[in-house]
Amino acid sequence: MKEIKKVTWRSPSNIALVKYWGKKTGVQIPANPSISFTLENCYSETSVSLVEKEGNGSDIELRFYFDGKANMAFQLKILKFFESIRKDFPLLNQYGLLIHSTNSFPHSSGIASSASAMSALAICLCDLQEQLNKKKLSADKFLQKASYYARLGSGSAARSIYPQIAEWGKTNSVKGSSDEYAIPYTKNLHPVFQTYQNSILIASSAEKKVSSRVGHSLMKTNPFARTRYAQAEKNLKELLVSLKTGDLEKFGAIVEEEAMTLHALMMCSTPSFVLMAPATLSMIERIRRFREESKLPVYFTLDAGPNIHLLYPKKIAKKVKAFIYAELEELCENGRMIHDKVGKGAKKMK
Ligand code: PMV
């Protein structure tokens, strides 16, 4: 198979501080604005090669390999995504695509991989199409375009493209914000957040109990949906103040409220889902007790799953890690954890 062009990008996962949970009508339009830390060590690395098409029909020709092995389940997901955006990417009709992807984190670690995987894919497509068009966008516009298409693959993926902190969703609190793409949020940022730490404590690596697609759709009938969307707006506005001033107590209170609300929303959905594991609750108790006793600004957040994301400033990392190994490691599945931190966003590889 003759390779015509190839690009490789590394794109990270992210952890939401104010959560996106629920959609408006339209294509992947969030019901409320969200904001996240971009991670550094948890990423997908994806290469997309354009090859000559084998057939001359209109089907998208795609082969997808994960960790070097053909993976049909992912291939079908990607095909669906590509079908939805093919009108904007002539290359999807003109060439066959050979895609290789790997994750830096184990597949069964319970870390959401859709944000890193979909953002890596979207940015590869944007890069290839730009090269074929021979028309270069400015760096900002290029990232915005990649974020737009990443969002169509997976909402939260829109935020993974940018360094440090990204905001997605139209809100009066953030100038230039949009429902269609994320924007970088680096201006009014206290330096403490530029090196913020995120230790991911694996409470359980079991398969997700509910897909995000189903989770978002359950918000349509959740009796607290309207209140939740108003809360997210308010939390975002207040979080921005703490991101500026470096008020870690305020920051932590909002972030924990967001995590607990996300899980509470799923518990009171119909059908109801409990996405925490027993170890999640034990860890939360120990984290809160440790914070109380040590007076250190150590807070947690959660994704739509059982794993704890411990958030803390770099300068107390030694003390926090000592606490993790003394009290939390034994609650992690096989002692598993990943130490991550605020990262630099998507990166093109040689
Ligand atoms: O991008 P999705 O559709 O997988 O939704 C992600 C939702 C959360 O991870 C729970 C929150 C968020 O904002 O990332």
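## Domain arrangement

The C-alpha centres of domain 1 and domain 2 are separated by 24 Å. In this predicted model, the protein chain is divided so that domain 1 covers residues 3-188 and domain 2 covers residues 191-341. To the contact between them, domain 1 contributes 35 residues, and domain 2 contributes 42 residues.

## Buried area

Between domain 1 and domain 2, an area of about 3300 Å² is buried. Carbon and sulfur atoms account for 65% of this area.

On the side of domain 1, the residues that lose the most area to domain 2 are Leu17, Lys19 and Trp21. Together, these three residues supply 24% of what the domain 1 side buries.

## Polar and charged interactions

## Composition of the domain 1 side

Three strands each supply at least two residues of the side of domain 1 that touches domain 2: strand 1 (3-18), strand 4 (34-51) and strand 8 (165-168). Strand 4 gives the most to this side, with seven residues.

By class, the side of domain 1 that touches domain 2 comprises 19 nonpolar, 11 polar and five charged residues.

Key. Residues are numbered from 1 along each chain as its sequence is written. This is a predicted model: local features need pLDDT of at least 70, side-chain atom pairs count only at pLDDT 80 or more; totals for chains, interfaces and linings use all residues. Side-chain values use heavy atoms; hydrogens and water are left out. Domain bounds come from an automatic or database domain assignment. Contact means heavy atoms within 4.5 Å. Buried area is the accessible area (1.4 Å probe) that two parts lose on being put together, summed over both. Helices (H or I, at least four residues) and strands (E, at least two) are DSSP runs, numbered from the N terminus. Ala, Val, Leu, Ile, Met, Phe, Trp, Tyr, Cys and Pro count as nonpolar, Asp, Glu, Lys and Arg as charged, and the others, Gly among them, as polar.
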